[in-house]
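The following paragraphs guide the reader through the structure shown below, from the overall make-up of one chain to individual side-chain pairs.

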Amino acid sequence: MARRATQEINAGSMADIAFLLLIFFLVTTTMDVDTGISRKLPPPLRGDEKPPDINERNIFTVLVNSRDKLMVEGKPCDIRMLRERTKEFMSNPQNREDLPEMISKEIPGLGIVRVPKNAVISLKNDRGTSYKMYIAVQNELAAAINELRDELSQEKFGRKYSELLSEKQIQAVQKAIPVPISEAEPENIGEK
Amino acid sequence: MARFKREKKSGVQTINTSSLPDIIFMLLFFFMVTTVMREVTLIVKIKPPEATEVQKLERKSLVSYIYIGEPKKSKMFGTKPRIQLNDQFARVSDIPAFITSERQARDESERKFITTSLKVDENIKMGIVTDVKQELRKSGAFKINYSTRKVGKIDFNRLY
């Protein structure tokens, strides 16, 4: 054969180069996934706007003071009880007069569901509340809502809310059980 | 005529390593794709609080971070909680400018998906966080995320 041998690049060190780069990326890589509790802030209040008037029975007030103590619906409460209390408020299983009014509402994809008419969880904290307590409270409220969503989803679709696959089902459950957390306007804004 | 002579197998067999670079390259690409370079050096101490009901932050390129905690060099800067934006300390009044610059850095169609992640130390008092949140509301950055550590169960005893 008269074919001229083409000159080849020596690829023997290729592995070494790749190893070097590999080790560099191994060292610099951080595998931490950012996780957290997502919330949406309300748009700022305009001066002349008054907060909407909501019936007392539809508001679930949670106050956290500067010593990290909780007051729920006017009474001191332990944070361990908060999840159950929130669930009770949101579902009102015995149709109690002091808990929100429940209505049967038709939601596309779910049929007729018993939902609170306009329940609001009002969360208010002091400037001296510790951040970990605030997050714990937010977490318990979120947990209560997630548990209710799980129950509804289990009943309607036979699987947990977090395991729902179709976007339609997720939206239907979200519509039936929204996250009605409203944070009170801080009162002493501007002063330290 | 036998063009190729069968080599006589003798002694120790060597493993064919010609595909080694390919394997290494595969690993290399994996790490290159998954790696996230830390853009900022933290100058405040941050230990996020615990939570169980956490969500993953999607689309990291659309997240801007605000760090709040005690300065790491407490001898130089004291122990009063401070806000860190990008690589330096900032005041609450610097937040609108920060949000504006973060918005401008993103594509116009994606601006409404920007999330602000609050990375706050668990021992910080809510006062400074409330101020930051008010400032974010005024700037129109409504989507926020409280950065937390995922745990199986919150130990309520350590809250007090």
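A residue is called buried when its relative accessible area is under 20%, exposed when that value is over 50%, and partly exposed in between. By this criterion, 42% of the 160 residues in chain B are buried. The model under discussion is a predicted one.

Chain B contains four helices and nine strands. Read from the N terminus, these elements follow the order α-β-β-β-β-α-β-β-α-β-α-β-β. Of the contacts in chain B between residues at least 6 apart in sequence, 73% join residues at least 24 apart.

Pro21(B), Ile24(B), Leu28(B) and Phe31(B) are buried in H1(B). Viewed down the helix axis, the buried residues of H1(B) fall within an arc of 90°, so they line one face of the helix. On the face turned away from the buried side, H1(B) carries the exposed residues Asp22(B), Met26(B) and Val33(B).

A nonpolar surface patch is formed by Phe19(A), Ile23(A), Leu26(A), Val27(A), Leu20(B), Ile23(B) and Leu27(B), whose accessible area together is about 600 Å². Helix H1 (14-28) of chain A and helix H1 (20-34) of chain B each supply at least two residues of this patch, and the largest share, four residues, comes from H1(A). Ile23(B), located in helix H1 of chain B, has a relative accessible area of 42% and is therefore partly exposed.

Attention now turns to charged side chains. Over all chains, the whole structure holds eleven salt bridges. In one of them, Arg83(A) pairs with Glu147(A), their closest N and O atoms being 2.8 Å apart. Because Arg83(A) lies in helix H2 of chain A and Glu147(A) in helix H3 of chain A, the pair ties together parts that are 64 residues apart in sequence. Both residues belong to a network of salt bridges linking Arg83(A), Lys87(A), Glu140(A), Glu147(A) and Glu151(A).

Another salt bridge joins the side chains of Glu183(A) and Lys133(B), at 2.9 Å from N to O. This pair crosses between chains, from strand S8 of chain A, which holds Glu183(A), to helix H4 of chain B, which holds Lys133(B). Glu183(A) is partly exposed at a relative accessible area of 23%, whereas Lys133(B) is buried at 6%.

Within chain B, Arg106(B) forms a salt bridge with Glu102(B), with 2.7 Å between the closest N and O atoms. Arg106(B) counts as buried at 14% relative accessibility, and Glu102(B) is buried with a relative accessible area of 15%.

Definitions and conventions: Residues are numbered from 1 along each chain as its sequence is written. Chains are lettered from A and ligands numbered from 1 in the order in which they are written. This is a predicted model: local features need pLDDT of at least 70, side-chain atom pairs count only at pLDDT 80 or more; totals for chains, interfaces and linings use all residues. Side-chain values use heavy atoms; hydrogens and water are left out. Buried means under 20% relative accessible area, exposed over 50%, partly exposed in between (1.4 Å probe, protein chains only). Contact means heavy atoms within 4.5 Å. Patches are made of residues with over 30% relative accessible area and no salt bridge: like charges are joined within 9 Å, nonpolar side chains (Val, Leu, Ile, Met, Phe, Trp, Tyr) within 5 Å. Accessible areas come from the Shrake-Rupley method with a 1.4 Å probe; for residues, only the protein chains shown count as cover. A salt bridge is a side-chain nitrogen of Lys or Arg within 4 Å of a carboxyl oxygen of Asp or Glu. The arc is that of the directions from the helix axis to the C-beta atoms.
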